[in-house]
Amino acid sequence: MATLENRPFVKMNGLGNEIVVLDLRDAPVAVPPEEARAIARPGVVPFDQIMALYPPTSEGTSAFVRIINSDGSESGACGNGTRCIALYEAGRTGADHLVFESIAGRLDCRVTGTMVTADMGVPRFGWHDIPLAGPVDDTRAIELQAGPHEAPVLRGPSVVNVGNPHAIFWVEDIDAVDLAQYGPELEHHPIFPERANISVAQLVGPDHIRLKVWERGVGLTRACGSGACATAVAAARNGLTGRRVTITLPGGDLVIDWRASDDHMLMTGPAEVEFDGRLDAAMLGETTA
Ligand SMILES: NC(CCC[C@H](N)C(=O)O)C(=O)O
């Protein structure tokens with residue numbers, strides 16, 4: 001029998017980032033990568049991330065969350081998924097202040113209607129934090145390019161770790177870049193030993209950025225909350241914006257406030273419940289023959 005057989009799930013989204021919430025607190029089991037990949041197949045429950053909830057390990061927290069990409073790999077952060085689990089738990093308990101634990105730290109969330117503000121913690125900028133394959137003095141712009149060697153289309157990204165690794169390429173017009181062409185090679189570039197999420201960002205004004213993200217372990221998505229946080233702090237570090245910006249993604253807007261008092265990143269945006277169901281053997285890739 002498949003590990004996740006008969007377990008209930010809730011399909012949600014955060015700005016069109018496709019999220020499956022698996023509440024495993026009652027009877028915890030690991031999510032096998034092959035079962036995650038089976039659920040993600042077209043016609044089953046295509047998702048970008050599974051947010052798997054486990055029993056909390058510290059007082060005052062609702063759950064320990066593990067984040068699984070559609071290729072079965074695990075991540076330390078998912079901004080849109082965090083807003084989804086906050087809305088899910090608010091709906092279940094009636095609470096409007098929820099705290100989760102993750103491998104990257106605490107996620108403090110406040111829910112108002114369908115809007116959620118999540119504290120995504122403090123960004124890290126050291127080359128070993130990202131991580132990069134070797135020493136780099138200044139992670140505001142590193143040596144990396146894509147496209148023809150003599151006339152690169154993308155060059156000099158900012159790199160940031162916000163619980164997961166991000167590289168942000170600053171461009172004039174995000175619509176002029178075919179991110180599906182360059183995303184795979186950059187995600188897997190040897191400079192990123194743990195791979196990386198790859199973004200193209202366009203500065204619209206001192207408080208507004210347009211963004212598209214090629215997500216590690218997934219591909220192009222409608223929105224990436226951690227990518228929005230990484231981009232906001234990279235923009236402020238480069239003197240392009242202030243510490244509070246609106247990030248416009250294909251799926252809609254997120255507001256990121258990089259709080260000056262403690263450097264925490266506060267992300268505000270919507271989350272939505274779509275439908276629920278129960279996983280069966282066929283959905284988990286088991287054949288009955
Ligand atoms: N959807 C995301 C990011 C999820 C994790 C990422 N693909 C990774 O592997 O780091 C978000 O909203 O932050």
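Which residues does Cys 78 touch, not counting residues up to four places away in sequence? They are Gln 49, Met 51, Ile 67, Gly 225 and Ser 226. Touching, or being in contact, requires C-beta atoms, placed from the backbone, within 7 Å of each other.

The structure is a predicted model, in which local features need pLDDT of at least 70, side-chain atom pairs count only at pLDDT 80 or more, and totals for chains, interfaces and linings use all residues. Numbering starts from 1 along each chain as its sequence is written. The mean pLDDT of the chain (the predictor's confidence in each residue, from 0 to 100) is 97. A value of 70 or more is reached by 99% of the residues. The model has an ipTM of 0.99 and a pTM of 0.97.

The chain is assigned domain 1 (8-121 + 272-278) and domain 2 (145-263). These bounds come from an automatic or database domain assignment. Between the C-alpha centres of the two domains the distance is 23 Å. Contacts link 20 residues of domain 1 with 19 residues of domain 2. On the domain 1 side, helix H2 (residues 79-93) gives the largest share, four residues. Helices (H or I, at least four residues) and strands (E, at least two) are DSSP runs, numbered from the N terminus. The touching side of domain 1 holds five nonpolar, twelve polar and three charged residues. Here Ala, Val, Leu, Ile, Met, Phe, Trp, Tyr, Cys and Pro count as nonpolar, Asp, Glu, Lys and Arg as charged, and the others, Gly among them, as polar.

The ligand lies between domain 1 and domain 2, because both give residues to the shell around it. Of the 20 residues around the ligand, the nearest are Ser 75, Asn 80, Asn 164, Gly 225 and Ser 226. A residue is near a molecule or strand if its C-beta atom, placed from the backbone, lies within 6 Å of it. Strand S4 (63-69), H2 and helix H4 (225-237) each supply at least two residues of this shell. H2 gives the largest share, three residues. The shell comprises five nonpolar, twelve polar and three charged residues.

UniProt, in an unreviewed entry, lists Cys 78 and Cys 224 under "active site". Their positions are spread over 147 residues of sequence, yet they cluster in space, with a largest C-alpha distance of 7.5 Å. UniProt positions are given in the numbering used here, feature names are shortened, and annotations may be inferred rather than shown by experiment. Cys 78 sits in the loop between strand S5 (74-75) and H2. Cys 78 is buried because it has 31 C-beta neighbours inside 10 Å. A residue is buried if 20 or more other C-beta atoms lie within 10 Å of its own, exposed if 12 or fewer, and partly exposed in between, with C-beta atoms placed from the backbone. Cys 224 occupies the loop between strand S15 (219-220) and H4. Cys 224 has 35 such neighbours and is therefore buried.

The "binding site" feature in the unreviewed UniProt entry includes Asn 17 and Asn 197. Asn 17 belongs to strand S2 (residues 17-23). Its 30 C-beta neighbours inside 10 Å make Asn 17 buried. Asn 197 lies in strand S13 (residues 197-205), and is buried with 28 other C-beta atoms within 10 Å. Beyond residues up to four places away in sequence, Cys 224 touches Asn 17, Asn 80, Asn 197, Val 213 and Glu 215.

Definitions and conventions
Two residues are in contact if their C-beta atoms, placed from the backbone, lie within 7 Å.
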